[in-house]
Amino acid sequence: MCSPTGESTPHEVPKRGDDEAPKEPFPWHIGVYDAHCHPTDTMASISSIKNMQARLLTIMATRGQDQDLVASVAKQHGITDLNELRESSSFETLKRVVPAFGWHPWFSHQLYDDSKDEEDEKEVVTDIQAHNKKTKHYSAVLSPPPDADFIAFLPDPIPLSKFLHETRQRLLAHPTALVGEIGLDKAFRLPWGKVNESSSSSRNDGDLTPGGREGRMLSPYHVKMAHQVDVLKAQLRLAGELGRPVSLHGVQAHGVLFDALASLWKGHEKEVVSRKKQKMIAKGVSEDFSSSSSDEESDYSEFGLGEPKQQQLHKVKKSKKKPYKAKPFPPRACLHSFSGPPQVLKQYLDPKIPVKCYFSFSMVVNLGTAGGEAKFADVIRACPDGQVLVESDLHVAGEDMDGYLEDIARRICEIKGWGLEEGMQRIRRNYEEFLFG
């Protein structure tokens with residue numbers, strides 16, 4: 001759920017290119033993982049997941065109306081561990097979903113930070129008090145200040161503490177779940193009119209899940225960046241508490257997003273040992289002390305994630321991992337449909353940063369505009385081979401989602417100079433490391 005401009009667009013599947021030139025067969029058998037998508041926005045498409053060629057979909061929650069939908073799809077289709085991801089049973093019976101639970105910045109105004117409430121504000125007992133609290137909240141977090149008519153169409157805000165409690169329970173119920181989609185968006189504007197708050201149980205499966213733009217015109221109002229940062233950092237802390245990776249949205253806010261993350265890892269930076277000191281410590285030992293892998297990450301060879309023989313890809317040795325120690329920041333992050341220039345990407349590669357950062361790319365966002373197309377090759381070349389992922393960012397599961405995954409993967413492999421088999425093996429290993437550490 002991202003656009004290069006931050007504008008919310010009606011839910012239409014964009015058309016793919018009509019290139020009819022013969023192509024090398026795509027290696028779906030290796031296992032293609034969609035790092036970021038939204039098929040619960042169109043629940044009628046969920047039945048298509050079992051027939052897709054993609055091995056795994058990482059399905060994002062974004063707002064109040066889709067948290068339980070993502071959980072219900074994960075209950076039916078969700079994987080529970082790395083072994084289950086790699087099992088080779090009948091393709092149609094495979095588990096294919098990793099859920100992600102989070103609150104998207106486009107809807108961040110619907111949460112209010114109740115930790116800032118005065119004592120006499122914590123209990124609301126009358127309609128007048130509730131109305132006044134709603135008006136005070138939206139007047140504080142939206143810019144320019146909205147009038148009473150616009151506020152009247154907005155839903156009653158939800159306490160941030162309530163959402164965090166519910167999200168913690170969902171994460172605990174789903175051991176592979178990420179925190180996402182979360183982030184910052186400077187460009188997005190709220191749509192006019194009343195939000196459709198109908199519950200999923202009262203609608204037809206052919207309809208779009210309520211709560212989105214739903215074709216409404218955009219207003220001049222946007223969510224103040226300070227409030228977006230507060231909502232983001234609360235969710236990042238939750239991810240750090242539970243040791244979950246995050247999927248990050250960032251549009252026209254690359255500097256603020258980096259600063260928000262950096263404020264949480266401040267004081268936890270990794271020591272980078274100089275080459276000279278490495279030689280003094282262990283002469284003749286070619287250990288890379290500047291690796292950006294975090295303390296929680298296991299040796300690749302334990303999971304068949306390094307450069308092992310092909311048969312090792314489907315073996316996972318039982319090993320005792322160190323108990324996770326809660327931190328105020330997530331262990332790993334994926335900057336989804338990363339739209340920044342190479343110099344912004346390189347900020348996240350500083351070996352002192354204790355968060356391992358990955359970058360996923362999509363046809364819809366990264367190659368959906370002339371500007372995105374112009375910088376795409378340079379960004380891909382700047383992205384380390386071990387930190388690149390692919391995604392569809394589509395709201396409909398099925399053939400189109402497969403097609404867009406194939407298209408973006410082919411483009412990345414071409415730029416990187418990888419054969420398709422080699423490239424998809426690399427991207428598969430990257431995703432498994434992102435998810436499991």
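**Strands, helices and buried residues in a predicted chain**

Buried residues make up 54% of the 437 residues in the chain, where buried means under 20% relative accessible area, exposed means over 50%, and partly exposed lies in between (1.4 Å probe, protein chains only). The model is a predicted one, in which local features need pLDDT of at least 70, side-chain atom pairs count only at pLDDT 80 or more, and totals for chains, interfaces and linings use all residues. Residues are numbered from 1 along each chain as its sequence is written, and side-chain values use heavy atoms, with hydrogens and water left out.

The secondary structure of the chain comes to 14 helices and 12 strands. Here helices (H or I, at least four residues) and strands (E, at least two) are DSSP runs, numbered from the N terminus. Of the contacts in the chain with a separation of 6 or more, 80% are accounted for by residues 24 or more positions apart; a contact means heavy atoms within 4.5 Å.

Two strands pair if DSSP finds at least two bridges between them. Strand β2 (residues 56-60) pairs with β3 in the parallel sense, over four bridges, and Leu57 stands opposite Val97 in β3. Strand β3 (residues 97-101) also pairs in the parallel sense with β7, over two bridges, with Val179 in β7 as the bridge partner of Phe101. Strand β7 in turn pairs with strand β9 (residues 246-251), again in the parallel sense, over five bridges. In this pairing, Leu184 stands opposite Gly250 in β9.

How well covered are these strands? In β3, five of its five residues are buried. In a regular strand the side chains alternate between the two faces of the sheet. Both faces of β3 are covered, with Val97, Pro99 and Phe101 buried on one side and Val98 and Ala100 buried on the other. Strand β7 (residues 178-185) is mostly covered as well, and eight of its eight residues are buried.

The 12 residues of helix α7 (residues 254-265) should span 16 Å at 1.5 Å a residue, and the end C-alpha atoms are 17 Å apart, which agrees; the expected span is 1.5 Å times one less than the number of residues. The buried residues of α7 are His254, Leu257, Phe258, Ala260, Leu261, Ala262, Leu264 and Trp265. They pack against β7, α6 (225-242), β9, β10 (332-335) and α10 (342-347). After α7 comes Gly267, whose phi is positive, near 90°.

Two packed helices are described by the angle between their axes and the distance between the axes. Axes are lines fitted to C-alpha atoms, for helices over the stretch in contact, and angles run from 0 to 180 degrees between N-to-C directions. Helices α6 and α7 pack at an angle of about 45°, with their axes 10 Å apart. That makes α6 oblique to α7, since angles under 35 degrees count as roughly parallel, over 145 as roughly antiparallel, 65 to 115 as roughly perpendicular and the rest as oblique. The contact is made by Met225, Val229, Leu232, Lys233, Leu236 and Arg237 of α6 and by Val256, Leu257, Ala260, Leu261, Ser263 and Leu264 of α7. The crossing of α6 and α7 is right-handed; a crossing is left-handed if the near helix is turned anticlockwise from the far one by less than a right angle, and right-handed if clockwise.

The axes of α12 and helix α13 (residues 399-416) come within 9 Å and cross at roughly 60°. That makes α12 oblique to α13, and the crossing of the two is right-handed. On the α12 side Glu373, Phe376, Ala377, Ile380 and Arg381 meet Ile408, Arg411, Ile412, Ile415 and Lys416 in α13. Helix α12 (residues 370-382) also holds Val379, which is buried, with a relative accessible area of 3%. Val379 and Pro341 are 38 residues apart along the chain, and their C-alpha atoms are separated by 6.2 Å. Not counting residues up to four places away in sequence, Val379 touches Phe338, Gly340, Pro341, Pro342, Leu345 and Phe361.

Finally, Gly31 lies in the segment before β1 (33-37) and counts as buried at 6% relative accessibility. Gly31 and Ile427 are 396 residues apart in sequence and 9.4 Å apart in space, C-alpha to C-alpha.
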